[in-house]
Amino acid sequence: PPPGRGARLPLARVKALVKADPDVSLASQEAVFVLARATELFVETIAKDAYVYAQQGKRKTLQRKDLDNAIEAIDEFAFLE
Amino acid sequence: MAERPEDLNLPNAVITRIVKEALPDGVNISKEARSAISRAASVFVLYATSCANNFAVKGKRKTLNASDVLSAMEEMEFQRFVAPLKESLEVYRREQKGKKEARKDKDKKTDSEEQDKSREDENDDDDERMEEEEQNDEEELDN
């Protein structure tokens, strides 16, 4: 999908997560939009990184352990541990 | 509102679609893997929000803006997201501007009756912003 596309994740749900942070007073609509797009990119990234492990296991179904392996192996995913 | 932030899930169908489009044809995803990705996505939003908020605070601003989020991406080592996000933001801004101008054009062609209606439309924009503020006022009280 072209990078300029709009967000598929509903902005209202992203906004609900933003508001869950007690330190955040206000967020602009643009900020919520960029967060939503960033989250989509994150989902794409983690799915692809996890898929590498499924391929190693000669599987065509992504499984939970593939996610766990990717999270453990990749520095950028350390915040998920 | 006793739910934990991580329980604020993003819609399963959307997560699944994004995953399937990212992976080769014929690849499936187990329910557990999808749940794990969904939870990871929620945690990502929470963490990115917190990071972005630090930049807003540093800038002595009360409102988190788009550039705070972009700064957060760099801080979180997702620099490669920044360029595509900037492009998406440009498109979003043009779309929002287009919507506003469509309403303004409607204003120009009107008589006084429709001017009342378009004043309502303009208030919709303010209402969107104010809605955030009102909700946040409530939250500040709770906190």
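Predicted model: local features only at pLDDT ≥ 70, side-chain atom pairs only at ≥ 80, totals over all residues.

Colleague: What makes A:Glu44 count as buried?

Modeller: The relative accessibility of A:Glu44 is 18%. Buried means under 20%, so A:Glu44 counts as buried.

Colleague: On to the rings. Why is the pair of A:Phe77 and B:Phe78 called tilted?

Modeller: The structure holds 10 aromatic pairs over all chains, and this is one of them. The ring centres of A:Phe77 and B:Phe78 are 6.5 Å apart, with the planes at 35 degrees. Stacked needs planes under 30 degrees apart and edge-to-face needs over 60, so the pair of A:Phe77 and B:Phe78 is tilted. The pair also crosses between chains: A:Phe77 is in the segment after α3 (64–73) of chain A, and B:Phe78 is in the loop between α3 (66–75) and α4 (82–108) of chain B.

Colleague: Why is the pair of B:Phe44 and B:Phe78 called edge-to-face?

Modeller: For B:Phe44 and B:Phe78 the centres are 5.7 Å apart and the planes are at 75 degrees.

Colleague: Which residues form the aromatic cluster?

Modeller: A:Phe42, A:Phe77, A:Phe79, B:Phe44, B:Tyr47, B:Phe78 and B:Phe81 form one cluster.

Colleague: Now the interface. How much area do chain A and chain B bury between them?

Modeller: About 5600 Å², with 69% of it on carbon and sulfur atoms. In chain A, the residues that lose the most area to chain B are A:Leu17, A:Lys19 and A:Leu26, together 13% of what that side buries. As for contacts, 52 residues of chain A touch 66 residues of chain B.

Colleague: What makes B:Arg93 and A:Glu30 a salt bridge?

Modeller: Their closest N and O atoms are 2.7 Å apart. The limit is 4 Å, and B:Arg93 forms a salt bridge with A:Glu30 on that basis. The rule finds two salt bridges across the interface of chain A and chain B, along with 11 residue pairs in polar contact.

Colleague: Which element supplies the largest share of the side of chain A that touches chain B?

Modeller: That would be α2(A), with 19 residues. By type, the side of chain A that touches chain B divides into 29 nonpolar, eight polar and 15 charged residues.

Colleague: Last one: what pattern does chain B follow along the sequence?

Modeller: Chain B reads α-β-α-β-α-α-α, which is five helices and two strands. Buried residues make up 37% of the 143 residues in chain B.

Technical notes
Residues numbered from 1 in each chain as written. Chains lettered and ligands numbered in written order. Heavy atoms only, no water. Phe/Tyr/Trp six-rings, centres within 6.5 Å; stacked < 30°, edge-to-face > 60°. Helix = DSSP H or I, 4+ residues; strand = E, 2+ residues; numbered from the N terminus. Contact = heavy atoms within 4.5 Å. Buried area = accessible area lost by both parts, 1.4 Å probe. Salt bridge = Lys/Arg side-chain N within 4 Å of Asp/Glu carboxyl O. Polar contact = N/O pair within 3.5 Å; in protein donor to acceptor, adjacent residues only side chain to side chain. Nonpolar A, V, L, I, M, F, W, Y, C, P; charged D, E, K, R; others polar. Buried < 20%, exposed > 50% of the residue type's maximum accessible area, 1.4 Å probe, protein only.
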